[in-house]
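Please read the points below alongside the model.

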Amino acid sequence: MRAPIRIKTLTIDGKEVSAREGETILQVARENGIDIPTLCYLEGLEPYGACRLCLVEVKGINRLLPACITQVEEGMEVITNSERLVKYRKMILELLFSERNHTCSVCVVNGHCELQRLAQKLGVTNIRYPYRYPNLPIDATHDRFVVDHNRCVLCTRCVRVCDQIEGAHVWDVMGRGINSRIIADLNQPWGTSDVCTSCGKCVHVCPTGALFEKGKAVAEMEKRRQFLPYLTVMRGGKQ
Amino acid sequence: MTQRITIEPVTRIEGHAKITIQLDDDGNVADAWFHVTQLRGFEKLCEGRPFSEMPSLMARICGICPVSHLLASGKACDQLLAVRIPETAIKLRRLFNLAQFVQSHALSFFHLSAPDLLLGMDSDPKKRNIFGLAEENPQMAKDGIQLRKIGQTIIELLAGKRIHPAWVVPGGVSDPLTVEKRDKILSMLPEAKEIALRTLQWFKRSLENFRDEIRTFANFPSLFLGLVTPEGEWECYHGRVRVVDENRHIVADQLDPVEYQDYIGEATEPWTYLKFPYYKPMGYPDGVYRVGPLARLNIIDGFDTPLAKQEWVEFRELERGAILSSFYYHYARLIEILHAIEKMEELLNDPAILSKQIRAIAGLNNLEGIGVAEAPRGILIHHYKVNEDGLMEWANLIIATGHNNLAMSKGILQVAKHFVNGKQLNEGMLNRVEAVIRAFDPCLSCSTHAVGHMPIHIQLIGADGTLLDELRRD
């Protein structure tokens, strides 16, 4: 016999909502038309909780919780939008911009970038932290695609889609903290990877211009992700 | 006692510069220098980036004429792809360049130089600007603003925005022209033509007031260099290089612009960031040449549009050989505006302009590419080398203002010697020194892109003119 579905009731931004046990705050909020900004989260991939843009306040808990990986509980009182949250979200975006070389004006995804869109939406007009201007390489050894570490925000969408959907696991993360970097296989040029199927899923789930199709000029690269929900369903609805 | 006069910053030009004038014991002008005081570093910062980003990245060199950099860069990238781009793409890129000629020349003439021309070189400096112009001759100020607006609007209609559009891509352009947009552009051109003709008439009438300036504004023999069609007519997009001397004799013709290194050398001096290009067969500094509107009108055998052709014939009558006074850059600019408007009409009335075949798609096929086009200020060269993955390894940009560097320095000395007297200085004298620079419409932000190990030649010269010491780094 199947276990009965347990229903939890809670409030999000004062609105009473009900949810299935095991759902995350983010899922329930979106089902109810409440918008929480996200960057590393992508429907169809396992949530990872890296970017912290989806932080929310929960009454009775002092620290902020990431909505994408926090499961709902009975009687929770969630606030998704407050002065404090906006302050932290803007700070996170500014830190992302200052960490690498995100020069929107000459980027292949200018106008189609999730990071750029979030910054516009949250009203980030200037970066208060000094830019680090790291000297990062571009790997253009692949026949069809390019990875530009200057634009990477380490959301690991590429790592997850390659592992969970394509099953190739070309991408992974090396190093710690500020030195973290996405690598192909055993930290080798992408073009030399034996397991890469050149499917391009990583390129299209990437929220920024870090992964793009070779030969695209500035502002020409648009990401198409319609394939992801279908592929997830075909793989048995597993997220 | 020797005295030094410094004009800093030089106003109503693009970018930052200063002028130093050295006076001798009697207060007469002994020497003059034109210093460009900023450094940009584009040749360095593009290293390691994919070549497909270059048109847009290089366009950032300048907000006044991003179109020129887009085109030269786009052409260099076409070579990296090793493609022949579709005819319509060439037509559209040419149209794009002509629109920029209109807006950029309008800016130079009306906004920057007309205050000197209309209000006089000695007028109150507080009024000697576009606002003073609007007070004195509202029609002319309106004309200038309107003409520039028309040029900018055409750029926006073609490419999506006015400044730094990303429309030019390796292999062609990214979007075709629609019927609506074509009709809109065509509807703006008659007004532009009226303004151009009206201003030309006014300028020709007022030439008499500037006899002294015409005589002394960088008025000296030099070579002139630019692009011409195979028939020797005016050209701004393709074409081959022609060099003429002060008698308008052709020194070299139909040179392949891609082989520019064979005939153009670059020298540097320690007191400026701007390099000094010269015509190699004649050496440095004898190979000094001028580029830009005046040079183009000196090298060509004519225009292929009726009104501009007529004006050019009249212009040619000014002198028997080449027109040598740089004051006539202004005149040449107005004739080019007229031609650009006529030519745009012609291109837009050709149904081929609407074709959807606007881009050649290819991967990387060459590791070196050179793109050459005429910018409003003169010939512009982009030269790239990439690695096998298509990442930039090296770039060299030769910018119009750079070509005119020697001519500008010579011009300053000439005009300073004539107008500046250390015993009684006045503002009008110094303004003339600036105005000679303005005549060239230099774009200094563009031209000081170089960084890295510049070959340097330093000479230490004593009061009696003897060479005391010399250092050279190549």
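1. Conventions. The model is predicted; local features need pLDDT of at least 70, side-chain atom pairs count only at pLDDT 80 or more, and totals for chains, interfaces and linings use all residues. Residues are numbered from 1 along each chain as its sequence is written, while chains are lettered from A and ligands numbered from 1 in the order in which they are written. Helices (H or I, at least four residues) and strands (E, at least two) are DSSP runs, numbered from the N terminus.

2. Contact of the two chains. On chain B, 17 residues are in contact with 13 residues of chain A, contact being C-beta atoms, placed from the backbone, within 7 Å. Helix H2 (residues 54-59) of chain B gives the most to the side of chain B that touches chain A, with 3 residues. By class, that side of chain B has 7 nonpolar, 7 polar and 3 charged residues. Nonpolar here covers Ala, Val, Leu, Ile, Met, Phe, Trp, Tyr, Cys and Pro; charged covers Asp, Glu, Lys and Arg; the others, Gly among them, are polar.

3. Helices H3 and H4 of chain B. The axes of H3 (residues 66-81) and H4 (residues 87-119) of chain B come within 9 Å and cross at roughly 155 degrees. H3(B) is therefore roughly antiparallel to H4(B), the term for angles over 145 degrees. Axes are lines fitted to C-alpha atoms, for helices over the stretch in contact, and angles run from 0 to 180 degrees between N-to-C directions. The contact is made by B:Val67, B:Ser68 and B:Leu71 of H3(B) and by B:Arg93, B:Phe96, B:Asn97 and B:Gln100 of H4(B). These residues divide into 3 nonpolar, 3 polar and 1 charged.

4. B:Phe96. This residue of helix H4 of chain B is buried, with 24 other C-beta atoms within 10 Å. A residue is buried if 20 or more other C-beta atoms lie within 10 Å of its own, exposed if 12 or fewer, and partly exposed in between, with C-beta atoms placed from the backbone. Leaving aside neighbours within four places in sequence, B:Phe96 is in contact with B:Val67, B:Ile155, B:Leu158 and B:Ala159.

5. Helix H12 of chain B. H12(B) (residues 329-348) has 20 residues and reaches 28 Å from its first C-alpha to its last, close to the 28 Å expected at 1.5 Å a residue; the expected span is 1.5 Å times one less than the number of residues. Of its 20 residues, 17 are buried, and H12(B) is mostly covered.

6. A:Pro229. Helix H6 (residues 227-234) of chain A holds A:Pro229. Is A:Pro229 buried or exposed? A:Pro229 is exposed because 11 other C-beta atoms lie within 10 Å. Apart from neighbours within four places in sequence, A:Pro229 is in contact with A:Glu43 and A:Gly44.

7. Backbone geometry. Most residues other than glycine have a negative phi, and most peptide bonds are trans. A:Asp13 has a positive phi of about 50 degrees and lies in the loop between strand E1 (7-12) and strand E2 (15-20) of chain A. A:His169 also has a positive phi of about 50 degrees, in the loop between helix H4 (157-166) and strand E8 (171-174) of chain A. In chain B, a cis peptide bond joins B:Tyr284 and B:Pro285, with omega about 5 degrees. B:Pro285 lies in the loop between strand E10 (276-279) and strand E11 (289-290) of chain B.

Methods
Two residues are in contact if their C-beta atoms, placed from the backbone, lie within 7 Å. Angles under 35 degrees count as roughly parallel, over 145 as roughly antiparallel, 65 to 115 as roughly perpendicular and the rest as oblique.
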